[in-house]
Amino acid sequence: CGITCAGDEKEIAAFCAHVSELDLSDNKLEDWHEVSKIVSNVPQLEFLNLSSNPLNLSVLERTCAGSFSGVRKLVLNNSKASWETVHTILQELPDLEELFLCLNDYETVSCPSIRCHSLKLLHITDNNLQDWTEIRKLGVMFPSLDTLVLANNHLNAIEEPDDSLARLFPNLRSISLHKSGLQSWEDIDKLNSFPKLEEVRLLGIPLLQPYTTEERRKLVIARLPSVSKLNGSVVTEGEREDSERFFIRYYVDVPEEEVPFRYHELITKYGKLEPLAEVDLRPQSSAKVEVHFNDQVEEMSIRLDQTVAELKKQLKTLVQLPTSNMLLYYFDHEAPFGPEEMKYSSRALHSFGIRDGDKIYVESKT
């Protein structure tokens, strides 16, 4: 709405006394004091969205930030808010649980001396955080973090010892690395070091590009035994077992020095599995059969997508009978029963289950 200032504070107080969620995104607020005037008159406020306001043009003072100390969810996407501003907010908002810092052009993370133990969810997507040394600072700042959304950040690797990862993110349950720059399976294996991790998003990373859709999902599931949701969909017990068996077969012929450690764990669980046999379930399109007429036997190939009537036309020249005077019998060479009359002209030949080596008997009605 092009808002630049608060206006009459008494009107705000009267109008917004019971408001708990306030969306001021896409306006022209550039002075934190004006934001403070609005928020200080909304006593029940818990959710505040200040996205796409040029708030980087002013400094947020602690007294000013104190006016929205009751806020639990704060959205500062595309506000270009500095890390100094974020630190001030963390000091003055003791109950802050969710923080959105997307599209702010961050290339680094500035870590304050204080820790924010209340924050459970951090969205910091669409920035330029490429180095793990920056991401680890988020673990230091937010030790209670439950959900970390790092999508579209070109993160190139997770360079951290396993025991250190567990200490950095002891409560992390969900992480999104969608469209990051991860290129190594070792980075995926590192995720197992987060002791409470259950949900992972890994779409659009360079590592998985060469694989098929089936291979991507199954290989990731098999490497992450504790993850119960991948890319937004639940991993069932059946899918996990299928994926782990697929994983064993996938690496069964790989040289010993290239086999991942997870392979040996799964061999202990399932044993060494043989490759699955390739079965072609497509219906047979033709068959070589013996055609018997009087004392003659002729071997010929017949199309199985044709009807009985069409077969009679094909046999007309061979047996020298008009189709109207022709009786056909099908004999399955493996079946215990006698010949079956092919009495319905419109019936397709494949419905008889004809296979190579079977017999067709032709008789004259007369």
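Visitor: Which residues do ring pairs link into a cluster here?

Guide: In this predicted model, ring pairs join Trp185, Tyr211, Phe246, Phe247, Tyr250 and Tyr251 into a cluster. The structure as a whole holds 10 aromatic pairs.

Visitor: How many degrees lie between the planes of tryptophan 132 and phenylalanine 169, and what is the pair called?

Guide: A pair of aromatic rings is described by two quantities, the distance of the centres and the angle of the planes. For tryptophan 132 and phenylalanine 169 the centres are 6.4 Å apart and the planes stand at 55 degrees, so the pair is tilted. Distant parts of the chain are linked in this way, since tryptophan 132 belongs to helix α5 (residues 132-141) while phenylalanine 169 lies in the loop between α6 (162-168) and β7 (174-176), 37 residues apart.

Visitor: Is tryptophan 132 buried or exposed?

Guide: Tryptophan 132 has a relative accessibility of 2% and therefore counts as buried; phenylalanine 169, with a relative accessible area of 2%, is buried.

Visitor: Which kind of aromatic pair do tyrosine 330 and phenylalanine 352 form?

Guide: Tyrosine 330 and phenylalanine 352 form an edge-to-face pair, with 6.0 Å from centre to centre and 65 degrees between the planes. This pair, too, links distant parts of the chain, with tyrosine 330 in strand β13 (residues 326-331) and phenylalanine 352 in the loop between β14 (340-341) and β15 (359-364), 22 residues apart. Both tyrosine 330 and phenylalanine 352 are buried.

Visitor: What sits over the ring of phenylalanine 352?

Guide: The charged end of arginine 347 is placed over the ring of phenylalanine 352, at 3.7 Å from the ring centre.

Key:
Residues are numbered from 1 along each chain as its sequence is written. This is a predicted model: local features need pLDDT of at least 70, side-chain atom pairs count only at pLDDT 80 or more; totals for chains, interfaces and linings use all residues. Side-chain values use heavy atoms; hydrogens and water are left out. Rings of Phe, Tyr and Trp (its six-membered ring) pair if their centres lie within 6.5 Å; planes under 30 degrees apart count as stacked, over 60 as edge-to-face and the rest as tilted. Helices (H or I, at least four residues) and strands (E, at least two) are DSSP runs, numbered from the N terminus. Buried means under 20% relative accessible area, exposed over 50%, partly exposed in between (1.4 Å probe, protein chains only). A charge sits over a ring if NZ of Lys or CZ of Arg is within 6 Å of the ring centre and within 35 degrees of the ring normal.
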